[in-house]
Amino acid sequence: MALNKTLGSMLIIAGTTIGAGMLALPLASAGLGFTTALVAMFGMWALMTYTALLMIEVHQHSDTNATLNTLAQQLLGRKGQIIANFAMIFLLYSLCAAYIAGGGSQLSEKLSGWFNTSIPPQLGALLFTLLIAAIVSVGTHTVDLVNRLLFAAKIVALAVMLGLLVPHVEGQHLVEMPVQKGLILSALPVVFTSFGFHGSIPSIVRYIGIDIKTLKKVMIIGSALPLFIYVLWQLASQGVMSQPELMASTTLGSFIASLSDLLHNPMVSQSVSIFADLALATSFLGVSLGLFDFMADSLKRSSNVSGRMQTGMITFLPPLAFAIFYPQGFIMALGYAAIALVILAIFLPVAMVRSQRKKHNISKEISPYKVKGGNFGLIIVTMAGVLIISAQTLQMVGLIPAVG
């Protein structure tokens, strides 16, 4: 049973990380060249895995059911709790609204085709939200089982996609250098957000328990799976298309159309479409699970049927309303996603670990698990967070090119 939960937790981490945004990675890194994009991806994976391990260090001294709300209150006080809550709610509500809008649109298109009638996107969004909400509200075990099925199907779609592309990879495309140095900075926020799963960590801890060895394995392997898949996807896409061709594809739709035309194979766009749908569903499951548990803890909702229904409504109704009635709002909010994720996945773990280590040094208590690197590691991680926020800010004000 423990092994079963470990595998399921790894797939929840991987499924949350590998969203439909993965398909835009070649566009975001088009001007970098394959080698530079690879270095950026390995760097962001190492950064996010390190901070995930910091979160495990923090969790070991708290209750199994603790979420970021409780941890921030215990270690950073009321001000820290407010910052943590704002970053968590802002990021996860924005992502959920985006997933609802995208998934609802896709579902309405498919239903319209199946039933030969016109289904409005709003109805598709409602049906998609009800389906995911029902799965999440039952509990993490149900999310685990559904996620496994979707993840397996996603891997099949990915294998078909890569199988069609890899035979057409040309070596000269993979040795192209960055077009300009500023593009490296521009790509960092997009690559960084492609490794975001930290909102799901408390749910994983609750599911597995405070088992440090298992949790470390889950975080490292669970985040390494997306890295491996991203490398294969970059190899296939950047190897098939030249740098100028990639940079000319300004949207995901035009990029997929270019791939299909280049290979004279409509199956490319079909496999990409199926993969995108499944990636969106698994990401939505992982993100909404993290938000659900966070809301239940913050608002002290019980785990009985009535309590979980209340938490479900608080979790899903606001992003559903935004996606249907005010789509511009969450699209604008997603522009700040990298900044919110830096706060959530870098600054808060570093601050909480520093606070916790000070407490245990004063009390002379030996911490059972401490992430290697000491204060130097925390400083490097913090500097990386500042760099990502700076890159996002410079993009927003137009001082460096916007990508992805």
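Which residues does D293 touch, not counting residues up to four places away in sequence? They are T67, T140, S203 and R206, where contact means heavy atoms within 4.5 Å. This is a predicted model, in which local features need pLDDT of at least 70 and side-chain atom pairs count only at pLDDT 80 or more, whereas totals for chains, interfaces and linings use all residues. Residues are numbered from 1 along each chain as its sequence is written, and side-chain values use heavy atoms, with hydrogens and water left out.

**D293**
- D293 is placed in helix 12; helices are DSSP runs of H or I with at least four residues, numbered from the N terminus.
- With a relative accessible area of 3%, D293 is buried (under 20%; exposed is over 50% and partly exposed in between, using a 1.4 Å probe and protein chains only).

- Not counting residues up to four places away in sequence, L68 touches M55, A84, M88, P202, F294, L344, L348 and M352.

**H61**
- H61 lies in the loop between helix 3 (34-59) and helix 4 (68-115).
- H61 is partly exposed, its relative accessible area being 27%.
- The side chains of H61 and Q60 make a polar contact at 3.4 Å (a pair of N or O atoms within 3.5 Å; within protein, one must be able to donate a hydrogen and the other to accept it, and residues adjacent in sequence count only if both atoms are side-chain atoms).
- H61 and Q234 are 173 residues apart along the chain, and their C-alpha atoms are separated by 40 Å.

Key. Helices (H or I, at least four residues) and strands (E, at least two) are DSSP runs, numbered from the N terminus.
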